[in-house]
Number of protein chains: 6
Amino acid sequence: MSLFDDLIPTLITETPAQGRELAIMIARKTIATMQPDADVRGSLRPDYAEDSAKLMQAGEIVAIEFATIAAANNYWR
Amino acid sequence: MSLFDDLIPTLITETPAQGRELAIMIARKTIATMQPDADVRGSLRPDYAEDSAKLMQAGEIVAIEFATIAAANNYWR
Amino acid sequence: MSLFDDLIPTLITETPAQGRELAIMIARKTIATMQPDADVRGSLRPDYAEDSAKLMQAGEIVAIEFATIAAANNYWR
Amino acid sequence: MSLFDDLIPTLITETPAQGRELAIMIARKTIATMQPDADVRGSLRPDYAEDSAKLMQAGEIVAIEFATIAAANNYWR
Amino acid sequence: MSLFDDLIPTLITETPAQGRELAIMIARKTIATMQPDADVRGSLRPDYAEDSAKLMQAGEIVAIEFATIAAANNYWR
Amino acid sequence: MSLFDDLIPTLITETPAQGRELAIMIARKTIATMQPDADVRGSLRPDYAEDSAKLMQAGEIVAIEFATIAAANNYWR
């Protein structure tokens with residue numbers, strides 16, 4: 001049983017907007033998995049949210065996850 | 001209801017140019033979502049716009065978003 | 001005989017969640033292969049887990065591996 | 001009306017060489033869009049052109065744009 | 001005659017594990033090609049193997065090469 | 001007339017090895033296009049060849065170009 005079971009039961013979403021939300025959620029949860037200590041994550045967050053270079057690193061991850069989800073949904077065509 | 005509903009109702013655009021605009025908009029709004037405090041974003045922007053390394057990080061995100069949108073539109077062939 | 005034989009017998013998984021776990025595992029094992037000394041890896045880990053920039057580098061690798069695995073599974077559609 | 005209308009009327013080119021030129025142009029114009037002040041861009045350029053790390057960042061963006069354009073043209077097969 | 005002829009006669013492998021090994025080998029040999037001086041490479045290696053940021057840069061390259069090889073093999077489905 | 005006409009008449013190659021050489025050549029020539037002053041490029045090269053982080057940046061660009069060329073050649077299957 002994977003801790004992602006509840007988080008990603010499927011890559012299929014009804015709309016592009018929901019696909020985008022899913023991409024952001026997956027990116028965040030993966031970081032959480034790799035750093036399971038909430039206190040450490042908490043201490044990392046301000047850094048992450050206030051440094052534009054890191055915000056853009058996060059934006060790139062979301063872009064890659066979204067590409068996968070968009071393909072999965074046949075681009076909601 | 002997702003805050004992206006109004007922003008990305010669809011990935012389909014009439015022209016490559018509109019697809020490019022959409023890629024830029026999606027990249028910007030994702031950053032905004034991850035840093036919802038407008039004051040902090042405002043203080044980040046000059047940094048982002050005047051540092052060529054960060055401008056290029058932004059350019060890479062846009063390139064990845066555009067790849068997804070172009071595929072969604074079957075490359076406007 | 002490859003040391004990946006036991007780790008990646010297949011890219012096919014039953015669920016997106018298992019695909020995500022596989023992406024994380026493959027990313028980790030590749031790092032381990034390139035730095036086979038466990039002591040050195042051990043000394044690297046705290047750095048990796050507490051520095052948000054490196055956590056996000058790791059997140060990007062996982063995103064790329066997941067894209068491959070998702071395609072392999074035809075997105076679990 | 002988008003400011004990209006004149007720049008990217010189409011992703012289709014006659015040759016791989018023209019596709020490459022288009023990739024470089026799109027990458028440059030996107031940077032210009034995100035930093036519309038020509039004086040600031042001018043002051044950024046020397047930095048961009050003389051720092052090998054930034055040149056390679058630019059090269060990576062062009063590689064991603066070219067991948068999209070090549071797919072659009074069915075690889076000029 | 002290319003120096004890659006012996007290294008990459010084909011992208012087709014029997015198993016995902018062999019595909020992974022090929023991805024790692026190709027990534028390494030490309031670095032070697034760009035820096036043909038073995039002494040310089042030797043002096044670079046400890047740096048590469050002990051710095052977690054660089055290890056992850058290497059991991060990202062391998063992830064991209066593996067994506068290509070996996071597609072070539074139709075994901076060993 | 002594009003300066004890439006002689007360099008990339010086609011993306012089709014006979015072998016994966018030739019495709020790899022093409023990927024490396026395209027990556028190099030793009031850098032050259034963006035920094036046309038040979039003296040500046042010359043002064044950049046040692047830096048590029050001796051710094052493992054930059055070598056890996058170059059390796060990532062080659063990996064992306066190779067992905068495009070491999071797809072163009074239907075992976076030489």
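The structure is a predicted model.

We begin with the contact between chain C and chain E. Chain C contributes 31 residues to this contact, and chain E contributes 28 residues. When the two chains are put together, about 2400 Å² of area is buried between them. Carbon and sulfur atoms give 68% of that area.

Charged side chains also take part in this interface. Between chain C and chain E there is one salt bridge. The partners are R20(E) and E65(C), whose side chains meet at 2.7 Å, N to O. This pair qualifies because a salt bridge requires a side-chain nitrogen of Lys or Arg within 4 Å of a carboxyl oxygen of Asp or Glu.

Which elements of chain C give two or more residues to the side that touches chain E? They are helix 1 (16-34), helix 2 (38-50) and helix 3 (52-72) of chain C. Helix 3 of chain C provides the largest share of this side, namely ten residues. Sorted by class, the side of chain C that touches chain E holds 17 nonpolar, nine polar and five charged residues.

The next matter is the arrangement of the two chains. Two copies of a chain are related by a rotation about an axis and a shift along it. For chain C and chain E, a rotation of 60° with 0.0 Å of shift along its axis superposes one on the other, with an RMSD of 0.0 Å. The two copies are therefore related as by a six-fold rotation axis. Among the residues of chain C, I64(C) comes closest to the rotation axis, its C-alpha lying at 7.0 Å. The copies use different surfaces, since 16% of the contact residues of chain C recur in chain E.

We now turn to the contact of chain C with chain A. Here chain C gives 28 residues and chain A gives 31 residues. The area buried between chain C and chain A is about 2400 Å², and carbon and sulfur atoms account for 68% of it. Within chain C, the residues that lose the most area to chain A are R20(C), M56(C) and Y75(C). Together these residues make up 24% of what that side buries.

The interface of chain C and chain A has one salt bridge, and the side chains of R20(C) and E65(A) meet in a salt bridge at 2.6 Å, N to O. Four residue pairs across the interface of chain C and chain A are in polar contact, both residues being at pLDDT 80 or more. Helix 1, helix 2 and helix 3 of chain C each supply at least two residues of the side that touches chain A. Helix 3 of chain C gives the most to this side, with 14 residues. By class, the side of chain C that touches chain A consists of 17 nonpolar, four polar and seven charged residues.

The relation between these two chains can be described in turn.

Finally, we consider individual residues beyond helix 3, beginning with chain D. N73(D) is found in the segment after helix 3 (52-72) of chain D. Is N73(D) buried or exposed? Its relative accessibility is 10%, so N73(D) counts as buried, the limit for this class being under 20%. Leaving aside residues up to four places away in sequence, N73(D) touches R77(B), L11(D), I12(D) and T13(D).

N74(D) is also placed in the segment after helix 3 of chain D. N74(D) has a relative accessibility of 42% and therefore counts as partly exposed. The phi of N74(D) is near 50°, a positive value in a residue other than glycine.

In chain E, W76(E) lies in the segment after helix 3 (52-72). The phi of W76(E) is near 55°, which is likewise a positive value in a residue other than glycine. With a relative accessible area of 14%, W76(E) is buried.

Methods: Residues numbered from 1 in each chain as written. Chains lettered and ligands numbered in written order. Predicted model: local features only at pLDDT ≥ 70, side-chain atom pairs only at ≥ 80, totals over all residues. Heavy atoms only, no water. Contact = heavy atoms within 4.5 Å. Buried area = accessible area lost by both parts, 1.4 Å probe. Helix = DSSP H or I, 4+ residues; strand = E, 2+ residues; numbered from the N terminus. Nonpolar A, V, L, I, M, F, W, Y, C, P; charged D, E, K, R; others polar. Least-squares fit on C-alpha atoms with pLDDT ≥ 70 in both. Polar contact = N/O pair within 3.5 Å; in protein donor to acceptor, adjacent residues only side chain to side chain. Buried < 20%, exposed > 50% of the residue type's maximum accessible area, 1.4 Å probe, protein only.
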